[in-house]
Amino acid sequence: MGKATYTVTVTNNSNSIGIITYIFIWDYQTKNFVSINGDKQIAAASTIKVPILLQMFKRIEIGELDLYSKMDITSYYRSGGSGYLQYRPENTSYELNDLANFMIRMSDNTATNMLLAAVGGTEEMNSVLRNWGFSKTYIRTWLPDLYGTNYTTPKDMATILYNADNPNFLTLDSRSKIVEIIF
């Protein structure tokens, strides 16, 4: 049985501690789902990296990018937080394939910013997300997003994760490479 699941639990910052749960569980074979605040926007944090990965492969499929082309680390892309590329020397080159692996496996923010630039930047990515049907997922800033300005919903993220293996969304070759990167 195929399922796409995305769950988030958030505590608030008021004097009394409260827990808000955000869940969307979808069995895409039966179309049944369970949703608790599944359509509510929440800060995306590093989950925003998944649609960037899918868009990279969409661009590869139409010949706009090549998985083995290289990008150089520059101060423009360099970012603190997760990952070790922030410590690599200026002008060190990495293939998009390596950047994708760093972005997903190590949650590397510098790799994410480089790939976000490769797929056209925040405005282009937001346009792509709208074209994919996601009206509540958007990217306002590069990573790290310390103020929580990049948003998604559990339902949007479950659908994005489903599309990582959707034959109507990506080719078998792209889906296979995504599975290699994620797992």
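**Overall architecture and the setting of Gln55**

The protein exposes about 9500 Å², of which carbon and sulfur atoms supply 50% (Shrake-Rupley method with a 1.4 Å probe; for residues, only the protein chains shown count as cover). The structure is a predicted model, in which local features need pLDDT of at least 70 and side-chain atom pairs count only at pLDDT 80 or more, whereas totals for chains, interfaces and linings use all residues. Residues are numbered from 1 along each chain as its sequence is written, and side-chain values use heavy atoms, with hydrogens and water left out.

The secondary structure comprises 6 helices and 7 strands, taken as DSSP runs numbered from the N terminus (helices, H or I, at least four residues; strands, E, at least two), and the elements follow the order β-β-β-β-α-β-β-α-α-α-β-α-α from the N terminus on. The radius of gyration of the protein, taken over C-alpha atoms, is 17 Å, which agrees with the value near 16 Å that a compact globule of 183 residues would have (2.2 Å times the number of residues to the power 0.38). Along its principal axes, the C-alpha trace spans about 45 × 45 × 30 Å.

Of the 183 residues, 45% count as buried (under 20% relative accessible area, 1.4 Å probe, protein chains only). Among contacts (heavy atoms within 4.5 Å) with a separation of 6 or more, residues 24 or more positions apart account for 58%.

Gln55, which lies in helix H1 (residues 49-61), counts as buried because its relative accessibility is 7%. When residues up to four places away in sequence are not counted, Gln55 touches Val119, Met125, Val128 and Trp132.

Terms used:
Buried means under 20% relative accessible area, exposed over 50%, partly exposed in between (1.4 Å probe, protein chains only).
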